[in-house]
Amino acid sequence: SHIFKKNHDVTKTWKGKTEQLLRVDDHDFTMRPAFGGPAIPVGVDVQVESLDSISEVDMDFTMTLYLRHYWKDERLSFPSTTNKSMTFDGRLVKKIWVPDVFFVHSKRSFIHDTTTDNIMLRVFPDGHVLYSMRITVTAMCNMDFSRFPLDSQTCSLELESYAYTDEDLMLYWKNGNESLKTDEKISLSQFLIQKFHTTSRLAFYSSTGWYNRLYINFTLRRHIFFFLLQTYFPATLMVMLSWVSFWIDRRAVPARVSLGITTVLTMSTIITGVNASMPRVSYIKAVDIYLWVSFVFVFLSVLEYAAVNYLTTVQERKERKLRERFPCTCGIPHSKTMMLDGNYSESDANSLAGYTRNQMVPEEEKQEKMVVHLAMSNESNSSRKRGLKGHVGLRIIQNTHAIDKYSRLIFPGTYIFFNMIYWSVFS
Amino acid sequence: SKREIKMRKLDSTKVRPLKSEQLLRIEDHDFALRPGFGGSPIPVGIDVQVESIDSISEVDMDFTMTLYLRHYWKDERLSFHSNKNKSMTFDGRLIKKIWVPDVFFVHSKRSFIHDTTVENVMLRVYPDGNVLFSLRITVSAMCFMDFSRFPLDTQNCSLELESYAYNEDDLMLYWKHGNKSLSTDEHISLSQFFIEEFSASSGLAFYSSTGWYNRLFINFALRRHIFFFVLQSYFPAMLMVMLSWVSFWIDRRAVPARVSLGITTVLTMSTIMTGVSASMPQVSYIKAVDVYLWISFLFVFLSVIEYAAVNYLTTIEERKQLKKRGKASGMYSIDAVQAMAFDGCFHDTDVDMDLTAFSDRCEENETRARAASVSNVDTTRIKRKRSLKGNVGRIILQNNHVIDTYSRIIFPSVYIVFNFFYWGLYI
C-alpha cells in the first residue's frame, strides 16, 4: 500500500521541474515565437465581469474584465501521452514571452493581485498557450450631452499591442463576434446596456507603422426616470404654482409678489442642483432648455404682476385727478347714473387705458366691470348709449384686470404647447 | 558551570545549524508546479475570520471587508523530519519560493494584503507536509443592491472566493469546517446596518473558455436601521405637511399670510427631497422614501391650490354682492380687521372704505376712509345691527369659506390614512 501510494504521487514520478519540462532556461523571453519570420497570430477573448461606473464629469468608464490570449509557441511544447494541458503558477510568465497588449486611451488600469497576481498560464503539449488575467481598466469615452438626459452614449475599449506592428503580431478576436461575453447580472443603476459587440481595425502611427486594434463597443441608454422625478417634475410644479398668482385677487400685493419671487427662487435652486453633477460643456443640453424655459415662465409671471400693479396705480391716479375736479361727487347716491352695460366705443376703450373690454352682449348680467357716470346735465337712457367721451366721472375699478384674465389662459396654453414640442423632439 | 552547560543546551540556534532551504528543500521545490502535478486535484481547505465590515456604499453599490484568509493543503515536497509533531512557523517572505494556491475574490473592485509592519502573511509547515497559509486582506467587492424599499430595505451581499488558474480538475476548494469555517469578531458592527447573519456556501462556476471552477461564498444579510431616515426625512416632511394645514385655520382674508405659508412649505419640501437624492445612486425605479416625500409634496402643493380657489371664489362672491347692492361710490362700512385684511394697512377704528378703489399708500386710504366716515357716522351703528340681506352698502364677509371648513377635516384624515397604508405596506 505504501508503494501504491508512492506511484500516485506525481511530483515524485515527475522528476523534472518546470524548467526542464518547458525548457525555460533555453527560452529567451525577449524574442517572440517565430522571431524574424511571419507574424504570430494572437487570439483574444474577453469576458466582461462588470461595468463599475460611468462618470460624466470625467467622461470615462471603468470596466473589470477577464482578458485571455491564445497563441502558439513551439519552444514550450512538451511530450505528453494525454493531450491534456498543464496549468502553471502565474509567476512563470516572468520567464517566458507573452504578448504586450495594452488598452488605448486608458487612464488607469491594474491587474488584480489578491491573493496572488490574478494570472493563469496554461500550456498544451503542442505549444499552444492560454494566458488569462483579470484587469480593471478606466478608459476615456467621448460623451455628447446635447440630448442629456434623453441621450445614448457609445463607448469602446480598445486593445492593441504596444511594440509589435502588423508584421510581427496579428491580434484578432478568437471567436469572431462570439469572443465577447458578459456576466448575466451586469447592470448599471443609471443606464440600460443596449449591446456589446466587437470590431477590429488597423491603426496607423506615422512613426511606427500599422497596428492591429480590437474594439469592445457598447451602447448605454440613460434611464430618464430619475431625472423626471428629480428635475422635470419639480420644475413643472413650480411653473404651475406661479400660475396660482393669476387667480389671487390683485389687491393682495404682498401675497402675489412673494408667491412669484419664491417660485423664482425654487427654480433657481433646481437649476443649480442639476449643474452640480455635470461637466461644463460649451453647448446647451436638453435639460437646460427645459429648465430655462420654465424659469422664463416663472419670471414672466412676476413681471406680469408688476405690470398689473403699475397699471392699477396709473388708473388710480387718473381717477383721483378726475375726482378732484368735481368735488362732492362721492357721497351722492347714484342709481340713475349707473351704467351697467358694457357697451363702449373704441375711443372709450382707449381713454380707459385699455382697462375695458368690448362686450357685445348688453343684456347679460354677467358683468366684468361697472362704470358709473356722474351726469352734468339731464341724463337719459340715450346718453348711456353715447360714448364715454365727454363724460367725466367716477369709475369703480374692476376686481379683475384684463391682463390677469388673459394670463390665466395664455400662460398654461403656451406651457403645454412648449411641453408637446419638447417631448416630441427629444423622445 | 553546570548551569552554563544547561543553558548552552537550550540555545537551539546552536543545536540546529540548518537553514530553511535545507530543511524544506527549497532548491528542489519548483513553485510553478502544484502538489500532485499531473495527477489528481489537490484539495485546499479554506477558513475565514471576518475582522470587520468597513463600509457599505450605496452610490458605488459595493462593500469593504477586512478578513483573515487561511488556506490548508498538503505538499509532500515540504515535509521534514521531526521527533515531535510540532509545526514550524516561517517568515512570510518564504512564500515567494514555494507553491501557494492562487485564490482571488470574484467581483472585487480593489483589494490588498496589509503590509504594515511587514506583509501580514503567516506560513506554518507541519512535519508531514501540511501547510497553513494565512493572510490579512481588505477587499472591496460589488454587491448588487435593490433600493425599491429604501430605507426600509434588507440587502444580501456575498464575497466569492475562487482559484484563478486551477479549475476543478486541478484544485478543489472547500470550506475546511463546513458551515463553521466562517467566524466573526464579536464586536463587528456597522452604524447604519444591522448584520443579520453570516453563512458560508459553495458552488461551481463555469467559464466557457476555461472550464468549471470551485467557488466559495461568504453570504451576509444587512438590515438598515431606519431611525436615521425617520429623523432626517420622514419627520421633517410630516411636519411640513402639518404646517401647511395651519393655513386652513387662518382667516381667509389674510391673503399674504396664507400664500406665503403655503409657498414656503412647498420650498422646504423641495429642499428635503433634494437632500435625500444627494446620497443615493440614480436608479430608474421609485424608492419607498420617494413615494413618501412626493405624496407629502403633493399635499403641500394642494394646500396652496386650495387657497387659490378660496381666494378666487371669495372675489367672485364679493363682486356678486357688489352688483346686488348696486352701490355707486363703492364705500362700505367695515370694521378695522376687515379693512386691514384688504389693504395691509393699519386701521384703529371702523372705517368706511372704498373697497374697490386702490392705492398703494396707506395714508391716502386712511384719509379717504376717515373723510367718508364722518359723513356717515350716524348710520354706522344702526347699519351694523341690521341683517345682511337687504342692507344696502354693507358687506360683512363671512369669516369662513366652506372649502376651508371641509379642508380642515379632509386633508388631515387623508394624510393619516396614507400613513397607515404606507407603514403597513413597508414594515
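Predicted model: local features only at pLDDT ≥ 70, side-chain atom pairs only at ≥ 80, totals over all residues.
The annotated regions are considered first. In chain A, the unreviewed UniProt entry places the annotation "domain: Neurotransmitter-gated ion-channel ligand-binding" on residues 24-223. This span of chain A is 54% strand and 0% helix, and its end C-alpha atoms are 53 Å apart. In chain B, the annotation "domain: Neurotransmitter-gated ion-channel ligand-binding", also from an unreviewed UniProt entry, covers residues 26-225. That span of chain B is 54% strand and 0% helix, with 54 Å between its end C-alpha atoms.

The domain assignment divides chain A into domain 1 (40-222) and domain 2 (226-322 + 409-426). The C-alpha centres of domain 1 and domain 2 of chain A are separated by 51 Å. At the boundary, 12 residues of domain 1 of chain A are in contact with 15 residues of domain 2 of chain A. The area buried between domain 1 and domain 2 of chain A is about 1100 Å², of which 72% is on carbon and sulfur atoms. On the domain 1 side of chain A, the residues that lose the most area to domain 2 are Phe145(A), Phe148(A) and Leu150(A), which together account for 44% of what that side buries. Between domain 1 and domain 2 of chain A, the count of salt bridges is zero, while five residue pairs are in polar contact (both at pLDDT 80 or more). By class, the side of domain 1 of chain A that touches domain 2 of chain A has six nonpolar, two polar and four charged residues.

Phe148(A) also takes part in a backbone feature: the peptide bond from Phe148(A) to Pro149(A) is cis, with omega near -5°. Pro149(A) is found in the loop between strand 7 (128-140) and strand 8 (152-161) of chain A.

Chain B is likewise assigned two parts, domain 1 (42-224) and domain 2 (228-323 + 417-424). The centres of domain 1 and domain 2 of chain B, taken over C-alpha atoms, are 51 Å apart. Here 12 residues of domain 1 of chain B are in contact with 13 residues of domain 2 of chain B. Domain 1 and domain 2 of chain B bury about 980 Å² between them, with 78% of this area on carbon and sulfur atoms. In domain 1 of chain B, the greatest losses of area to domain 2 of chain B are those of Phe147(B), Phe150(B) and Pro151(B), together 49% of what that side buries. Between domain 1 and domain 2 of chain B there are zero salt bridges and four residue pairs in polar contact (both at pLDDT 80 or more). The side of domain 1 of chain B that touches domain 2 of chain B is made up of six nonpolar, two polar and four charged residues.

The contact between the chains involves 94 residues from chain B and 91 residues from chain A. Chain B and chain A bury about 7800 Å² between them, and 61% of this is on carbon and sulfur atoms. One salt bridge is counted between chain B and chain A. It joins Arg251(A) and Glu318(B), whose closest N and O atoms are 2.9 Å apart. Across the interface of chain B and chain A, 24 residue pairs are in polar contact (both at pLDDT 80 or more). Among the elements that give two or more residues to the side of chain B that touches chain A are strand 7 (130-142), helix 5 (255-278) and helix 6 (288-325) of chain B. Helix 6 of chain B gives the most to this side, with 14 residues. The residues of the side of chain B that touches chain A comprise 50 nonpolar, 22 polar and 22 charged.

Two further backbone features remain. Most residues other than glycine have a negative phi, and most peptide bonds are trans. Thr116(B) and Thr117(B) are joined by a cis peptide bond, with omega about 0°. Thr117(B) is in the loop between strand 5 and strand 6 (121-125) of chain B. Ala34(A), a residue other than glycine, has a positive phi near 60°. Ala34(A) lies in the loop between helix 3 (18-22) and strand 1 (40-55) of chain A.

How values were computed. Residues numbered from 1 in each chain as written. Chains lettered and ligands numbered in written order. Heavy atoms only, no water. UniProt positions renumbered as here; feature names shortened; annotations may be inferred. Helix = DSSP H or I, 4+ residues; strand = E, 2+ residues; numbered from the N terminus. Contact = heavy atoms within 4.5 Å. Buried area = accessible area lost by both parts, 1.4 Å probe. Salt bridge = Lys/Arg side-chain N within 4 Å of Asp/Glu carboxyl O. Polar contact = N/O pair within 3.5 Å; in protein donor to acceptor, adjacent residues only side chain to side chain. Nonpolar A, V, L, I, M, F, W, Y, C, P; charged D, E, K, R; others polar. Domains from an automatic or database assignment.
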